[in-house]
Amino acid sequence: MDEDGSLEINDDHNHNYCENRGSSYYSNSRSHVSRDTLCFPPVVVGVAEPAENVRRTSFVTESSYLESESSSQSGQCDSSVMNAMTPEDYRTTYWPKLERAIEHLLTQSPMDHISISYEQIYSHVYKCVCQQHSELLYSDLIRKIASHLQQVSSELHGSPPESFIEKFNLALTQYMAALQCIVPVFIYMNKFYIETKLNRDLKDDLMKLFSHHVAEKHVDTLIPLLKKADAVPFQVRPSTMASVVKGLYTLRPDWAPLAPALFSRFIPQIQPPTLESELPHYAALDRKLQIELSLNGFCRGDQSRKRASEES
């Protein structure tokens, strides 16, 4: 692999992008390999093979990754990455390529079909870690994503109330999709720097970034809008309501008490068991919902007809 070459990011029209839809594909300019494990990064620990051997590409399984991980735990980085990388090399050559790839992952919409060479991204991360630039790499990654989220938050501030829930859901969904790719390709840094030196986890850190820079700044606006939308059936699509409420609970479970009735509709077992004395109250709520649905054109059908099994 030519490590001085730019990371390949283009649309090859084969939908080779990272999204949780069953099998995924990792692609570079030479090969396509189907994988059932979502976004597990191809481990590159050697020089790329000649073109005639392209079918025996260096995409490897998780077990092969663990073997390379075991070698690194013994302080043995592959010889192909042992050439000295100065801080200047990192700053001018490696980080700009990684930054561009991260930018694409953070900004592509779920409908985009952008192919990224995860092989090259992982290879660059691997070399940076082996060359003792983990701290710098982690700092740059956090700074880059924090900057992106600050921009997302600013855009949400300008959203009108009628579209705010949809806009927040789009931002959250897009970010979670990006993490499904960013976390795996930085797994080497996570294992040998974040977990070992910082006693943390990369995914947890990146989730906290979204919570701090976006969710916490808008939760006081979002919760009242969610409660208002929940009071009017289908004002907001049920799938959007579920996505936002579950997302908020994932980010901060302690937000559930802000709207316990709302959260309990989408998150099971967050409220205490129902008491027998409360059953009439819930029955009344059920009747009220049925009346509202009927007034909005949702008919229950002809209730006078017998079931087929009851007919003689």
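The protein chain contains 10 helices and four strands, where helices (H or I, at least four residues) and strands (E, at least two) are DSSP runs numbered from the N terminus. The model is a predicted one, in which local features need pLDDT of at least 70 and side-chain atom pairs count only at pLDDT 80 or more, while totals for chains, interfaces and linings use all residues. Residues are numbered from 1 along each chain as its sequence is written, and side-chain values use heavy atoms, with hydrogens and water left out. Along the sequence, the elements of the protein chain follow the pattern β-β-β-α-α-β-α-α-α-α-α-α-α-α. Of the 312 residues of the protein chain, 41% count as buried; buried denotes a relative accessible area under 20%, exposed over 50%, and partly exposed a value in between (1.4 Å probe, protein chains only). Contact is taken to mean heavy atoms within 4.5 Å. Among contacts in the protein chain between residues at least 6 apart in sequence, 73% join residues at least 24 apart.

The packing of helix 4 was examined against two other helices. Two packed helices are described by the angle between their axes and the distance between the axes. Axes are lines fitted to C-alpha atoms, for helices over the stretch in contact, and angles run from 0 to 180 degrees between N-to-C directions. The axes of helix 4 (residues 134-157) and helix 5 (residues 161-185) come within 10 Å and cross at roughly 165 degrees. Helix 4 is therefore roughly antiparallel to helix 5, given that angles under 35 degrees count as roughly parallel, over 145 as roughly antiparallel, 65 to 115 as roughly perpendicular and the rest as oblique. The crossing of helix 4 and helix 5 is right-handed; a crossing has this hand if the near helix is turned clockwise from the far one by less than a right angle, and is left-handed if anticlockwise. On the side of helix 4, Leu141, Ile145, Leu149, Val152 and Leu156 take part, and they meet Phe164, Lys167, Phe168, Ala171, Tyr175 and Ile182 in helix 5. By class, the contact of helix 4 with helix 5 has 10 nonpolar, no polar and one charged residues. In this scheme Ala, Val, Leu, Ile, Met, Phe, Trp, Tyr, Cys and Pro count as nonpolar, Asp, Glu, Lys and Arg as charged, and the others, Gly among them, as polar.

The axes of helix 4 and helix 6 also come within 10 Å, and they cross at roughly 95 degrees. Helix 4 is therefore roughly perpendicular to helix 6. The contact is made by Ser134, Glu135, Leu137, Tyr138 and Leu141 of helix 4 and by Met189, Tyr193, Ile194 and Leu198 of helix 6. The residues of the contact of helix 4 with helix 6 divide into seven nonpolar, one polar and one charged.

Individual residues in these helices were then considered. Ser153 belongs to helix 4 and counts as buried, at 4% relative accessibility. Leaving out residues up to four places away in sequence, Ser153 touches His213, Val214, Lys217 and His218. The C-alpha atoms of Ser153 and Ala215 are separated by 8.4 Å, although the two residues lie 62 apart along the chain.

In helix 5, Ala171 is buried at 13% relative accessibility. Apart from its neighbours within four places in sequence, Ala171 is in contact with Val152 and Phe210. Ala171 and Phe210 are 39 residues apart in sequence and 9.7 Å apart from C-alpha to C-alpha. Glu166 also lies in helix 5 but counts as partly exposed, at 31% relative accessibility. Its contacts, not counting residues up to four places away in sequence, are with Val236, Arg237 and Thr240.

Asn190 is found in helix 6 (residues 187-198) and is buried, with a relative accessible area of 7%. The side chain of Asn190 reaches the backbone nitrogen of Leu202 at 2.8 Å. Beyond residues up to four places away in sequence, Asn190 touches Glu195, Arg200, Asp201 and Leu202.

Most residues other than glycine have a negative phi. Gln132, in the loop between helix 3 (118-130) and helix 4, has a positive phi near 65 degrees and is exposed, with a relative accessible area of 69%. Asn199, in the loop between helix 6 and helix 7 (202-231), has a positive phi near 55 degrees and is exposed, with a relative accessible area of 65%.

How values were computed:
A polar contact is a pair of N or O atoms within 3.5 Å; within protein, one must be able to donate a hydrogen and the other to accept it, and residues adjacent in sequence count only if both atoms are side-chain atoms.
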